[in-house]
Amino acid sequence: MPATTAPEPEVVIRARHLAKAYKLYDSPKDWVKQQFLGSEKNPYYKSFWALKDISFEVRRGKSLGIIGRNGCGKTTLLQIVCGMTRPTKGEIWVKGRVAPVLALGATFDYEATGRENVLIGGAVLGLKRHEVLAKFDAITEFAGIGAFMDQPLKLYSAGMRMRLAFAICAHIDAEILIIDEALSVGDLAFQKKCVDWIDNFRRTGTLLFVSHSTAELSHLCESAMWIDNGRIREAGSVADVARGYRRATFVEKDNMKRFSAV
Amino acid sequence: MTNLNNRQLPDARIMHIVDGRTVDPKDYNWLQRVVRFLLRPFTESWHHRDLIAAILRRELRERFSGSMAGWVWAVVAPVISLVTYTIVFDGAVKLPNNAESKSSIDYALFVFGGLVAFNFFTEMAYRAPSLLHEYAHYIKQTMFPAEMLPIISTLRATTYATIGLVLMLLCQLIFAGSLHWTVLLLPLWFIPFLAFLIGITWLLSAMGAFTRDTAYLMMTIAPVLMFATPVFYSHETLSPDARFWMYALNVLTGFIEIIRDLVVFGKIPNGLVIAWTLFISMFFFWFGYWFFRRQQDAIADVI
């Protein structure tokens, strides 16, 4: 830990008043019009604000859990932190290599063998070829799929693909790990292996973790943040946030039943 | 696997975005910004060279995967077309500019030279509009540098164009007995042509991400372009007026004339044509790059 000069570790993720608007065009015609005639003030698109106002900080070695209902903006927030999409307003500052486990298997080519997919996946995550080759045995061992490594991916079971994907993500020397509900894959033994690996990673690495399971959250995270409709509804210790979230879920479930009865 | 825990990266990467704009750690004046922009395509592709190689390798393998003959097809197809032109045009047509025909294969080579360049162009033009859709899951779910895709797909097409070019030189060598020394200047033709194609692909793929019409547009104009381009004839058979407009409107004309001059006729191309072609390729290269970068954030959201 580089905690020799500062009493607290440095901030590695800082977000201030983040907001993200998606531009929705009714037809491709409007896109063309926007290119030639439109302006910010007089647009041909409608804005959908997936995130409205999010501010938080994460220090090195800390872990932050994020909960919220479907469509509340969790994934958009993670994509912004990874740099996959750009916030419309506000500030984001991220230091260090990010490993997005939410991209599990996004780069997979089902016709290619596991070996080739490791090379492509590693390259997409920013590794040089010689780095991937150096880690190849470790990845094979972690994935634990044996001789299937030389078979095309279309022959894999879903669990085997996820094992391979997690094995790649676990070996790119990331400083910030971003996990989006990916742990529910794999059998119990592999889940335990992943959780053990994450525990180990957390000793110095920073973790952003999205889950609907408050139990997983309280095991892996120190603090939590509850996002509702693009805003932070509650932030603080995992226990408090999880309690508030659970309570609200019951209330809202009741509401939904009431509305559907009408 | 655990060694990352006690490792500090010396050059930790920093991403800093305020109100949708990336904040540079340093302030640059406008001249530095222009130079940085002009150099950017090269520095970026050098930075991503391993990624480019990995994806390119996959694409090349994919092209003939599942076929037994594989790469043989890439060679057989141009051989067949070359043989066809030789048989069909043997003795029937004189070289349009009255250059002395040394052998019956001269016209075939003349057409083939045009086709190598034209097919290279159409392969890019057909694929570009759907290129980003093919890689949508990369762009949306990983930190994939989408601006590298047009470079990768141009490099892929380059391998086939190179096969055609080598074949053309071989025929010249076998049937005419020798190559013109101007063949050595071919790299000077190839590099601007590549830049032109990469630029076109940046442009078309960014447009194709937003509207499928780009694909239909290319499918509609490419066959017309084949006849509006001096593939089967020479621009020298046209009136001077028509010749001027052909150069001005059809950017492929210059490239095709130059490759024929170098390989078939063995003469140095007209300086004006060279200058115009160079200008075209540089313009499309940087304009395409600029356009792609401008749309890039929106692309990740719409695709």
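In which kind of crossing, left-handed or right-handed, does helix H7(B) pass helix H11(B)? The legends below, which describe close-up views of a predicted model, begin with this pair of helices.

**View 1. Helices H7 and H11 of chain B pack against each other.** Helix H7, covering residues 186-210 of chain B, meets helix H11, covering residues 271-302 of chain B, at an angle of about 30°, and their axes are 7 Å apart. Because angles under 35 degrees count as roughly parallel, H7(B) is described as roughly parallel to H11(B). As for the opening question, H7(B) passes H11(B) in a left-handed crossing.

**View 2. B:Ile299 has its place in helix H11 of chain B.** Is this residue, B:Ile299, buried or exposed? B:Ile299 counts as buried because it has 20 C-beta neighbours inside 10 Å. Leaving aside residues up to four places away in sequence, B:Ile299 touches B:Leu132, B:Ile139, B:Ala146, B:Ala206 and B:Ala209. B:Pro41 lies 258 residues from B:Ile299 in sequence, and the C-alpha atoms of these two residues are 18 Å apart in space.

**View 3. A strand of chain A pairs with a strand of chain B.**

**View 4. The largest nonpolar core contains 134 residues.** The members that touch the most other members of this core are A:Ile66, A:Val81, A:Ala99, A:Leu177, A:Ile178 and A:Ala224, while the largest share of the core, 16 residues, comes from helix H4 of chain B (residues 105-134). In soluble globular proteins, nonpolar side chains tend to be buried together. When residues up to four places away in sequence are not counted, A:Val81 touches A:Ile13, A:Ile92, A:Val94, A:Val98, A:Ile178 and A:Leu208.

**View 5. Chain A contains eight helices and nine strands.** The C-alpha trace of chain A spans about 55 × 55 × 50 Å along its principal axes, and 42% of the 262 residues of this chain count as buried. Among the contacts in chain A with a separation of 6 or more, 73% are accounted for by residues 24 or more positions apart.

Key
Residues are numbered from 1 along each chain as its sequence is written. Chains are lettered from A and ligands numbered from 1 in the order in which they are written. This is a predicted model: local features need pLDDT of at least 70, side-chain atom pairs count only at pLDDT 80 or more; totals for chains, interfaces and linings use all residues. A nonpolar core is a set of buried Ala, Val, Leu, Ile, Met, Phe, Trp, Tyr and Cys residues joined through C-beta atoms within 7 Å. A residue is buried if 20 or more other C-beta atoms lie within 10 Å of its own, exposed if 12 or fewer, and partly exposed in between; C-beta atoms are placed from the backbone. Helices (H or I, at least four residues) and strands (E, at least two) are DSSP runs, numbered from the N terminus. Two residues are in contact if their C-beta atoms, placed from the backbone, lie within 7 Å. Two strands pair if DSSP finds at least two bridges between them. Axes are lines fitted to C-alpha atoms, for helices over the stretch in contact, and angles run from 0 to 180 degrees between N-to-C directions. Angles under 35 degrees count as roughly parallel, over 145 as roughly antiparallel, 65 to 115 as roughly perpendicular and the rest as oblique. A crossing is left-handed if the near helix is turned anticlockwise from the far one by less than a right angle, and right-handed if clockwise.
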